[in-house]
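Welcome! Take a look at it first, then read on.

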Amino acid sequence: MKRDKSLTWTPPATIDFNGKKIAIVGGTGGIGRAFAHEFAARGAQVIVVGRKFRDEGTTGIRALLADLSKMKEAERVGQMLPTEELDILIFTVGIFADHARQETSEGLEQDVTIGYLSRLVILRNMASRLNQSRPDGSRPRVFVMGYPGTEQQAAINDLNSEKSYARWKAHSNSVAGNEALVYDASKRYLNLDVFGLNPGFVQTDIRDEIFKRGGLLNRLGFWITSFVTSTPEDYAHRVLPLFIAPELTGQSGKHFDKNGKAILPSGWVNDANCKEVIRASEKLLSRVGVTV
Ligand SMILES: NC(=O)c1ccc[n+]([C@@H]2O[C@H](COP(=O)([O-])OP(=O)(O)OC[C@H]3O[C@@H](n4cnc5c(N)ncnc54)[C@H](OP(=O)(O)O)[C@@H]3O)[C@@H](O)[C@H]2O)c1
């Protein structure tokens, strides 16, 4: 990953989320859940989306339950979230591809569907309606978590991993899809600021899924990365100021690393390549009757 020296920012003196309305798609577990706790503890009203609500009774956090392996459900979430009121929309929903190709009930490869296509569908349903009238004049912010800046590319002609399957290839489709989503949305929606987040290694179920199962190499990877792994709470706490830093206004399309420092996107990210990724995604979605 390369540092983006064109953007530096200073944490605001007070990190106050009082009155902020925030939706976290994937906020029922892992990193999204740690974000939800940080925001709610600082006065925000947070709505989390996922399959299982684990924070019943926590002040400031409520849930919209959905199985985002189904694209019709993603459409429903995009329509049900209180879009017009939101200040911040965050996508952390995702899985890590299995050793063998797993299909959703709609016949789509699971990783790319849950970790990327669901986000594309939800954002397309919400973007033009996101809250435009915040008192401080700032624009709504959208944060897309993935692994930007790591040069992972999408198999444009096989986004659904039907011609060949490998778990890292399937996951790269999600990673690259999310980078393309940030680029595309930053050009498409001039009413928003859209950013990418690369959390580095964070100790969650997804990381266990990547490394713990499988052979010796995987377990070695788990051990090596444990030296650079954060807890979700530490990561969330570290990057919290980013969500309200004034310097980010008008900086749509930027990405941030595990410490919240600006990083450059992958080298392949440009207008033509991102359009191809988005076009392939739209085509795949049209197969399951979803138009975005
Ligand atoms: N952890 C890392 O080291 C790491 C590194 C780089 C990038 N990332 C990215 O960061 C994001 C968050 O990862 P994480 O580590 O927080 O993962 P996680 O702990 O596994 O959490 C994933 C979230 O996605 C939700 N989810 C999964 N399948 C779903 C489905 N079918 N329908 C609805 N919700 C679903 C889970 O909710 P329920 O359990 O309630 O369904 C949970 O809220 C992912 O995009 C991941 O690729 C993580």
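A polar contact here is a pair of N or O atoms within 3.5 Å. With that in mind, please note that this is a predicted model. The points below cover the ligand and then the nonpolar cores.

- A backbone N or O atom of Gly 200 sits 3.5 Å from an oxygen atom of the ligand.
- In the side chain of Thr 28, an N or O atom is 2.7 Å from an oxygen atom of the ligand.
- Thr 204 places a polar side-chain atom 2.4 Å from an oxygen atom of the ligand.
- The ligand taken alone exposes 890 Å², and the protein buries 92% of that.

**The shell around the ligand**
- There are 30 residues around the ligand, and Thr 28, Ile 31, Arg 51, Leu 68 and Thr 204 come nearest.
- Twelve residues of the shell are nonpolar, twelve are polar and six are charged.
- Helix H1 (30-41), helix H3 (110-126), strand S7 (201-202) and helix H5 (205-211) each supply at least two residues of the shell.

**The nonpolar cores**
- The largest nonpolar core has 50 residues; among those that touch the most other members are Leu 68, Met 71 and Leu 123.
- Several elements each supply at least two residues of this core, including strand S1 (21-25), helix H2 (71-80) and helix H8 (271-287).
- H3 gives the largest share of this core, nine residues.
- A second, separate core of 34 residues includes Phe 35, Val 48, Ile 90 and Leu 197.
- Met 71 touches residues including Leu 117, Val 121 and Leu 285.

Key: Residues numbered from 1 in each chain as written. Predicted model: local features only at pLDDT ≥ 70, side-chain atom pairs only at ≥ 80, totals over all residues. Heavy atoms only, no water. Near = heavy atom within 4 Å. Polar contact = N/O pair within 3.5 Å; in protein donor to acceptor, adjacent residues only side chain to side chain. Areas by Shrake-Rupley, 256 points an atom, 1.4 Å probe, with all protein chains shown as cover. Helix = DSSP H or I, 4+ residues; strand = E, 2+ residues; numbered from the N terminus. Nonpolar A, V, L, I, M, F, W, Y, C, P; charged D, E, K, R; others polar. Core = buried A, V, L, I, M, F, W, Y, C linked by side-chain atoms within 4.5 Å. Buried < 20%, exposed > 50% of the residue type's maximum accessible area, 1.4 Å probe, protein only. Contact = heavy atoms within 4.5 Å.
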